[in-house]
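Subject: The structure and what turned up in it

Hello,

Here is the structure I promised to pass on to you. Please open it alongside this email, and my notes follow below.

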Amino acid sequence: MKEKISIEYSIYESISSIEPTQQELLQSAYNSSKNAYAPYSHFNVGAAILLEDQTIICGNNQENASYPCGICAERNAIHNVRANYPDFKIHSIAITTFRLLKQSIPATPCGLCRQVLSETEQNNGSVIELILGHPEGKVFIFNSCQSLLPLAFQSKNLFN
Ligand code: THU
């Protein structure tokens, strides 16, 4: 028996094609990318999280001379929410890079961040919209974060 898993997402040619609240969130992520501390990779990333009460929490990547100490923008933002707004539901997350990537394709979250995004959505009680894009490039929108990590390792696996 074979099984096939597919991921569904929408592609928009520019930021002007998405909803105003989505535009604002992506712009917040972009503004946050300016404060990334990325002297080693020179790859600035920004993330912005929209909470259920419309508060926007941002994060960016923070590197270190001891490379593994660094943290990605999306995990920085998610951990900030979990630490300071533990009871708030997350509505959406936008992720962007300061630099527009070649072919204007958005940067996608790394494996570690997909794992954290997946568990965050499980604990959220409802899906979290994921917006990947750049103010001057294409935008990809996913209705669920868990879709980016099929067959994810889950807490229930630990207690089996
Ligand atoms: N980075 C992120 O912030 N998010 C990702 O999903 C991928 C990578 C950061 C980590 C590092 O500071 C830099 O980008 C280059 O990998």
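**Aromatic pairs**

The structure holds five aromatic pairs. Keep in mind as you look that this is a predicted model. A pair of aromatic rings is described by the distance of the centres and the angle of the planes.

One of the pairs brings together Tyr9 and Phe142: their ring centres lie 4.8 Å apart and their planes meet at 20°, so this pair is stacked, since planes under 30 degrees apart count that way. The two partners come from distant parts of the chain, 133 residues apart. Tyr9 sits in the segment before strand 1 (10-12), whereas Phe142 belongs to strand 6 (residues 139-142). Their surroundings are worth a look too. Tyr9 is partly exposed, with a relative accessible area of 38%, while Phe142, at 5%, is buried.

Another pair is made by Tyr85 and Phe88, and this one is edge-to-face, with 5.5 Å from centre to centre and 85° between the planes. Tyr85 counts as partly exposed at 26% relative accessibility, and Phe88 is likewise partly exposed, at 29%.

There is also a cluster to find on your screen: ring pairs link Phe140 with Tyr9 and Phe142.

**The fold as a whole**

Stepping back, the protein has four helices and six strands. If you trace the chain along its sequence, these elements come in the order β-α-β-β-α-β-α-β-β-α.

How does the radius of gyration of the protein agree with that of a compact globule? For 160 residues, such a globule would have a radius near 15 Å, and the protein has 15 Å, so the two agree. Along the principal axes, the C-alpha atoms fill a box of roughly 45 × 40 × 35 Å.

Contacts across the sequence may interest you as well. Taking those between residues at least 6 apart in sequence, 66% join residues at least 24 apart.

**Surface and charge**

Of the 160 residues, 40% count as buried. The accessible surface of the protein comes to about 9,200 Å², and carbon and sulfur atoms account for 51% of that area.

As for charge, there are 11 positive and 14 negative side chains. The centres of these two sets lie 10 Å apart.

I hope this helps you find your way around.

Best wishes

Technical notes. Residues numbered from 1 in each chain as written. Predicted model: local features only at pLDDT ≥ 70, side-chain atom pairs only at ≥ 80, totals over all residues. Heavy atoms only, no water. Helix = DSSP H or I, 4+ residues; strand = E, 2+ residues; numbered from the N terminus. Rg over C-alpha atoms; globule rule 2.2 N^0.38 Å. Buried < 20%, exposed > 50% of the residue type's maximum accessible area, 1.4 Å probe, protein only. Contact = heavy atoms within 4.5 Å. Areas by Shrake-Rupley, 256 points an atom, 1.4 Å probe, with all protein chains shown as cover. Lys, Arg positive; Asp, Glu negative; His and termini not counted. Charge placed at Lys NZ, Arg CZ, Asp CG, Glu CD. Phe/Tyr/Trp six-rings, centres within 6.5 Å; stacked < 30°, edge-to-face > 60°.
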